[in-house]
Amino acid sequence: MIRALQATALVAVAGLFALLVWRLTHQSHPPKLGAPAPTFSAKRLEGDGRIDLSSLRGKPVVLNFFASWCEPCKAESKVLEQASRQYADRVVFLGVDYHDVTSDGRKFLRAHDITYPTVEDGSGKVGDLYGLTGVPETYFIDAQGRLVGSHIEGTVAHQQDKFFDGIKAALKP
């Protein structure tokens with residue numbers, strides 16, 4: 001009986017060690033400022049079709065990762081929607097519903113009156129491309145497709161100046 005428990009514990013420890021090694025060797029790293037923004041194609045959260053980030057080249061992009069279960073995401077949603085309307089003629093806003101259930105993401109969009117396009121990232125693959133550490137996170141991409149800024153710490157609602165600085169950086173020629 002004791003040997004069986006020891007064997008079980010050993011298998012559990014070995015499994016955890018293997019998971020740790022895998023995570024360390026497969027950890028994604030955020031892209032560097034000035035580097036091309038990682039491209040992706042993802043299914044629209046509402047409506048049909050997909051959105052390919054590279055098809056948006058030629059206009060600056062504000063890429064916001066959020067989730068319906070994220071309280072800070074709820075807090076910043078109003079600022080993001082207002083900014084998307086304010087800059088509608090010059091900047092594309094694109095939401096990415098990260099590690100979420102599709103129906104919950106749709107409810108979030110309706111509850112917070114989000115009108116800009118949003119894609120699904122239930123698997124987290126898009127977030128991995130950006131080295132996402134959590135939600136909310138926002139990335140600013142210039143018209144040439146280069147990453148020119150990010151807003152990771154704190155919410156847009158609490159740091160609006162930094163957020164709008166990111167939009168201005170994306171607008172620079």
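This is a predicted model: local features need pLDDT of at least 70, side-chain atom pairs count only at pLDDT 80 or more; totals for chains, interfaces and linings use all residues.
A crossing of two helices is called right-handed if the near helix is turned clockwise from the far one by less than a right angle, and left-handed if it is turned anticlockwise.

**Figure 1. The whole chain, to get your bearings.** The protein chain has five helices and seven strands. Following the sequence, they come in the order α-β-β-β-α-β-α-β-α-β-β-α. Of the 173 residues, 41% count as buried. The accessible surface of the chain is about 9800 Å², and carbon and sulfur atoms own 58% of that area. Among contacts with a separation of 6 or more, 72% are between residues 24 or more positions apart.

**Figure 2. Helix α2 against helix α5.** Two packed helices are described by the angle between their axes and the distance between the axes. Here α2 spans residues 71-86 and α5 spans residues 160-171; their axes come within 12 Å and cross at roughly 35 degrees. The crossing of α2 and α5 is right-handed. From α2, the residues taking part are Val 79, Leu 80, Ala 83 and Gln 86, and they meet Gln 160, Phe 163, Phe 164 and Ile 167 of α5. Sorted by class, this contact has six nonpolar residues, two polar ones and no charged ones.

**Figure 3. The largest nonpolar core.** In soluble globular proteins, nonpolar side chains tend to be buried together. The largest such core in this model has 43 residues, and the members with the most contacts inside it are Phe 40, Leu 63, Phe 65, Phe 93, Phe 163 and Ile 167. Strands β3, β4 and β6 and helices α2, α3 and α5 each supply at least two residues of this core. What does Phe 163 touch, leaving out residues up to four places away in sequence? Its partners are Val 62, Leu 80, Ala 83, Phe 93, Thr 138, Phe 140, His 151 and Val 156.

**Figure 4. Leu 63 in strand β3.** Zoom in on Leu 63, which sits in strand β3. Leu 63 counts as buried because its relative accessibility is 0%, and the cut-off for buried is under 20%. Along the chain, Leu 63 and Phe 93 are 30 residues apart, yet their C-alpha atoms are separated by 6.2 Å. Beyond its neighbours within four places in sequence, Leu 63 is in contact with Phe 40, Leu 94, Val 96, Tyr 130, Glu 137, Thr 138, Tyr 139 and Ile 141.

**Figure 5. Ile 51 in strand β2.** Strand β2 covers residues 50-52 and includes Ile 51. Is Ile 51 buried or exposed? With a relative accessible area of 8%, Ile 51 is buried. Setting aside residues up to four places away in sequence, Ile 51 touches Phe 40, Ser 41, Ala 42, Arg 44, Leu 56, Leu 94, Pro 117 and Val 119. Glu 120 is 69 residues from Ile 51 in sequence, while the C-alpha to C-alpha distance between them is 10.0 Å.

**Figure 6. Ser 68, a buried loop residue.** Ser 68 is found in the loop between β3 (61-66) and α2. Its relative accessibility is 13%, so Ser 68 counts as buried.

Figure 7. Where is Pro 136? Pro 136 lies in the loop between α4 (125-129) and β6. The peptide bond leading from Val 135 to Pro 136 is cis, with omega near 0 degrees. The loop between β4 and α3 holds His 99. His 99 is a residue other than glycine with a positive phi, near 45 degrees, and it is partly exposed at 39% relative accessible area. In the loop between α3 and β5 (118-121) you will find Asp 113. Although Asp 113 is not a glycine, its phi is positive, at about 55 degrees. Asp 113 has a relative accessible area of 53%, so it counts as exposed, for which the cut-off is over 50%.

Methods. Residues are numbered from 1 along each chain as its sequence is written. Side-chain values use heavy atoms; hydrogens and water are left out. Helices (H or I, at least four residues) and strands (E, at least two) are DSSP runs, numbered from the N terminus. Buried means under 20% relative accessible area, exposed over 50%, partly exposed in between (1.4 Å probe, protein chains only). Contact means heavy atoms within 4.5 Å. Accessible areas come from the Shrake-Rupley method with a 1.4 Å probe; for residues, only the protein chains shown count as cover. Axes are lines fitted to C-alpha atoms, for helices over the stretch in contact, and angles run from 0 to 180 degrees between N-to-C directions. Ala, Val, Leu, Ile, Met, Phe, Trp, Tyr, Cys and Pro count as nonpolar, Asp, Glu, Lys and Arg as charged, and the others, Gly among them, as polar. A nonpolar core is a set of buried Ala, Val, Leu, Ile, Met, Phe, Trp, Tyr and Cys residues joined through side-chain atoms within 4.5 Å.
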